[in-house]
Amino acid sequence: MTASLYLPPLGEFIYHWIPELRGYSLLEIEQEKYIETSNYPKVILDWSKTRKVNGKIVSDLRKQTKQRLLSQGGDEYDSAIAAKETVDKYWQHKDKEYKEYQQKLTELQE
């Protein structure tokens, strides 16, 4: 079976858009070995801390909104349910696409 799936060489995207990282392997980039020796800027935010702090805030806001919608009901509640169903269907579709992509990758590597 021939698949028409284009797989760029490892790092092509990174090296194209971030020329400061050319010459570093993907492993070196993941391990941030470029930080002291390249012109690429140092990390500004600690994403894990940011995610924890903001994740808690967003989670609390969602809980408050859900409680308000459940207690008040009405059109806003119905709209929220419809929006959630739409988002759920979207992610189901994306999950299916990703599984198909992974299957094609497996077939190409065999």
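Below are my entries on the helix pair and then on the pocket.

**Entry 1: the model.** I noted at the start that this is a predicted model.

**Entry 2: the helix pair.** I looked up α3, which covers residues 47-72, and α4, which covers residues 74-109. Their axes lie 8 Å apart, and the helices pack at an angle of about 125 degrees. Angles of 65 to 115 degrees count as roughly perpendicular and those over 145 as roughly antiparallel, so I wrote down α3 and α4 as oblique to each other. I also checked the hand of the crossing of α3 and α4, and it is left-handed.

**Entry 3: who touches whom.** Which residues make the contact between α3 and α4? From α3 I listed R68, L69, L70 and Q72. From α4 I listed G74, E76, Y77 and A80. Sorted by class, this contact has four nonpolar residues, two polar and two charged.

Entry 4: Next I turned to the largest pocket, which has a volume of about 200 Å³. Its lining is made up of R62, T65, K66, L69, L70, Y77, A80, I81 and K84. Which elements give two or more residues to this lining? They are α3 and α4, and α3 gives the most, with five residues. By class, I counted five nonpolar, one polar and three charged residues in the lining.

Key
Residues are numbered from 1 along each chain as its sequence is written. This is a predicted model: local features need pLDDT of at least 70, side-chain atom pairs count only at pLDDT 80 or more; totals for chains, interfaces and linings use all residues. Side-chain values use heavy atoms; hydrogens and water are left out. Axes are lines fitted to C-alpha atoms, for helices over the stretch in contact, and angles run from 0 to 180 degrees between N-to-C directions. Helices (H or I, at least four residues) and strands (E, at least two) are DSSP runs, numbered from the N terminus. Angles under 35 degrees count as roughly parallel, over 145 as roughly antiparallel, 65 to 115 as roughly perpendicular and the rest as oblique. A crossing is left-handed if the near helix is turned anticlockwise from the far one by less than a right angle, and right-handed if clockwise. Contact means heavy atoms within 4.5 Å. Ala, Val, Leu, Ile, Met, Phe, Trp, Tyr, Cys and Pro count as nonpolar, Asp, Glu, Lys and Arg as charged, and the others, Gly among them, as polar. On a 1 Å grid over the protein atoms alone, a cavity is a set of points where a 1.4 Å probe fits but cannot get out, and a pocket is an open set with protein on both sides within 12 Å along at least five of seven lines; lining residues have an atom within 4 Å of a point. Grid points are joined across faces, edges and corners, and a volume is the space filled by probe spheres set on the points.
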